[in-house]
Amino acid sequence: MEAILTDCVQHSLRDFMHSNAIFICERLCAEFPSETNLQLLASCYLRNNQAYSAYHILKGTQLAQSRYLFAMSCFRMDFLNEAETALCPPNEPSVEVPNGAAGHYLLGLIYRYTDRRKSAIHHFKEALSIDPLMWAAYEELCVLGAADEASVVFGEAAARCIQKQYLHHGSSIQNLHVSNEDRNFASVRHLSLEDFSPRHLKHMQGNNIRDIPGNYHNSTVAGGASTQSLTGSSSNITFYNTPSPMATQLSGVAPPPLCRNIPQNGPNLSAVGADSSPKSTVNSTVQAPRRKVVDEGKLRKISSRLFIDSGTRRSTRLSGDAGANTNAASTMVTGNGTTNSSKYLGGSKLSSMSLRSMTNRKGQTWSNENIDDGIRNETFDDARLNVTSTTSGSSASVDCRSLEHEGATMPGGVILNTSRIISGTSEVLNLLGTLGEGYRLSCMYRCQDALDVYLKLPHKHYNTGWVLSQVGKAYFELVDYLEADRAFSLSRRVSPYSLEGMDIYSTVLYHLKEDMKLSYLAQELISTDRLAPQSWCAMGNCYSLQKDHETALKNFQRAVQLSSRFAYAHTLCGHEYVSLEDFENGIKSYQSALRVDARHYNSWYGLGMIYLRQEKFEFSEHHFRMAYQINPRSSVIMSYLGTALHTLKRSEEALLMLEKAILADKKNPLPMYQKANILMNLENFDEALEVLEELKEYAPRESSVYALMGRIYKRRNMPEKAMLHYGLALDLKPSATDVATIKAAIEKLLVPDELEDSL
């Protein structure tokens, strides 16, 4: 009875029938009250976004997996102290962190959000040392500014670790092969002959993995489809050094989809790609023939039907049905080649790549999305049971099919092909190395270098939603809003369901004053996911562009409510408070953002602007300098830092900083304007006029430039030229405040400077 109930719960979870799984699992716990069954019930609640239920169920439990699940529920409820205590009991300092790499990753997040940077970095590095393919840990290290070069992290040591784990896992499958034949009917229900009905096989063939939009993280970036071991989740947990008692009871346990920018109560994406996906069913149907129930001829038919690539020719499919493995293998293209021709986009320098989806949101990584039921999606394909690796993302299904034929003709159906393991590992790590280096450079705000790295990616990986959104962010930081708009537009075309970077995209449209596009984007995002902070940030930017700052603030506050760890939403709240001249709440919002992410330079900059307006110049200089240390390539930050230095009577330092700002971005008129202003105050009128004459070429319709020239001519006792430039400034239709200032200056045009200062 226990086995039947457990299997029913797992099947319900695979079919996303969470309420049914919870009900059946409650019956299981009532009839067989064990801690492992409680773990399964807690995992059901976690998948159903009921962390509070899992919290009460697991409170006081002692098993390693129970502590991990309890820590996960605490993390989702923002009980970070309790989560830390569960993972690292204070009375047992030598106890191992449960759940291996995932446990260290979760602990790293806890330390990060409790402002213990060194400890967070240590545990993220531990997670990478256990599982070199845990991209989420490397991503967090990049955000903290502590990531090593990607070539080191995904280098030879990582390759040896993966190959060792791969070979060890293959040998363990061989050792367990015979004993698996004696498993009871309930525990191998998903391996039974019922799963080989023609209707089921037709369904699986029609739902090829490559055609399912939900499997972004299962794309050929990892070299093939996912795997599920013959012994359920237990063998995979052992393989990844993840201690878990009675792991066969825990195949429904979901690790955290932990990442920045995802609301805590949003949809649990870790369950989406679990063994309920068609891919997992493919795994189960491929495993069954190895039980020596189906003869060799039937195995060939099953494997060929399951692994037919939708892009292969009819002749290849026919040869696959006939068991002609050599013909199938001959269709493969190694390296970056594909069996399908690339689709090209036109319209900008971003448009030379083919479209293919790779991942969904930032932080949703290959390493931690689908560890449920022993599934690992990031690197190893379904041929892991044959212990082989593909040489190309596009040829993954063909390769898997050929390996299935080979495995069917050998005792045990298992092949250990070391050369393929080495080549596959090398390809995966090279890809992750390129992506990782680009992301690391972006987090260091070396945006042009990051763009150059991303351009080295193959077409099919460059034109994915995640990469294009990173390209858009890089252009945004470079203040190239037109190219950022193009990149984000391509990202939306490739992944219209993804919200990765859409908060930044809405800010790009805000700066471009594209009110119609911004309104359309906000409506689309709200209809896609009302519980995502990115959606409400876009809506807030839409109202802010229309000068409705109170409504904009409400939308940004909604984003904060949905995800208190979304730093950019706090920053946008601060901007709106400043627009409403509520500086006290603005400071609080910026400080909240910095508590989430101490390297969020936008908030340091915002605090500097508030203190500059309040004439607290020392505070202003400190905060601008903090922002400058984080992002030393921003000409805007350098410009305001120079202004703050000038107000502190450090004009020489200010001029040097402004020179750096001009060199950093010659298209930005702000540092040149600030330099001319400082030169005027130092009474270097001729140099100031030279700078302004050059500035007119870059900003011919900027009224403040002509107004400053008018002030300089007035100081030089040239009222006619001063009047001319004041008139030109008014003709360019400045803001109402600037109009009043210019008119006041015209009225005092004939008043000597000494008398004007006394007035």
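Helix α19 (residues 418–443) and helix α20 (residues 447–454) have axes that come within 8 Å and cross at roughly 165°, where axes are lines fitted to C-alpha atoms, for helices over the stretch in contact, and angles run from 0 to 180 degrees between N-to-C directions. The two helices are therefore roughly antiparallel to each other, a label given to angles over 145 degrees, with those under 35 counted as roughly parallel, 65 to 115 as roughly perpendicular and the rest as oblique. This is a predicted model, in which local features need pLDDT of at least 70 and side-chain atom pairs count only at pLDDT 80 or more, while totals for chains, interfaces and linings use all residues. Residues are numbered from 1 along each chain as its sequence is written, and side-chain values use heavy atoms, with hydrogens and water left out. Helices (H or I, at least four residues) and strands (E, at least two) are DSSP runs numbered from the N terminus.

**The α19 and α20 pair**

- On the α19 side, Thr 434, Leu 435, Glu 437, Gly 438, Tyr 439, Leu 441 and Ser 442 meet Asp 449, Ala 450, Val 453 and Tyr 454 of α20, contact meaning heavy atoms within 4.5 Å.
- The residues of this contact divide into six nonpolar, three polar and two charged, where Ala, Val, Leu, Ile, Met, Phe, Trp, Tyr, Cys and Pro count as nonpolar, Asp, Glu, Lys and Arg as charged, and the others, Gly among them, as polar.
- Ser 442, which is found in helix α19, counts as buried at 14% relative accessibility, buried meaning under 20% relative accessible area, exposed over 50%, and partly exposed in between (1.4 Å probe, protein chains only).
- Not counting residues up to four places away in sequence, Ser 442 touches Ala 450 and Tyr 454.

**Helix α1**

- Helix α1 (residues 2–14) has 13 residues, which at 1.5 Å a residue should span 18 Å, and its end C-alpha atoms are 18 Å apart, which agrees; the expected span is 1.5 Å times one less than the number of residues.
- Its buried residues are Leu 5, Thr 6, Asp 7, Val 9, Gln 10, Ser 12, Leu 13 and Arg 14, and what covers them includes α2 (18–31) and α3 (35–47).
- After α1 comes Phe 16, whose phi is positive, near 60°.

**Helix α32**

- Helix α32 (residues 635–647) reaches 19 Å from its first C-alpha to its last, close to the 18 Å expected for its 13 residues.
- Eleven of the 13 residues of α32 are buried, so this helix is largely enclosed by the rest of the structure.
- The buried residues of α32 pack against α30 (601–613), α31 (617–630), α33 (651–664) and α34 (669–681).
- Lys 649, which follows α32, has a positive phi near 65°.

**Loop residues with positive phi**

- Asn 99 is not a glycine, yet has a positive phi of about 70°; its place is in the loop between α6 (80–87) and α7 (100–113), and at 10% relative accessibility Asn 99 counts as buried.
- Lys 547, also not a glycine, has a positive phi of about 65°; its place is in the loop between α26 (533–545) and α27 (549–562), and at 63% relative accessibility Lys 547 counts as exposed.

**Gln 591**

- Gln 591 lies in helix α29 (residues 583–596) and is partly exposed, with a relative accessible area of 35%.
- Gln 591 and His 570 are 21 residues apart in sequence and 8.5 Å apart in space, C-alpha to C-alpha.
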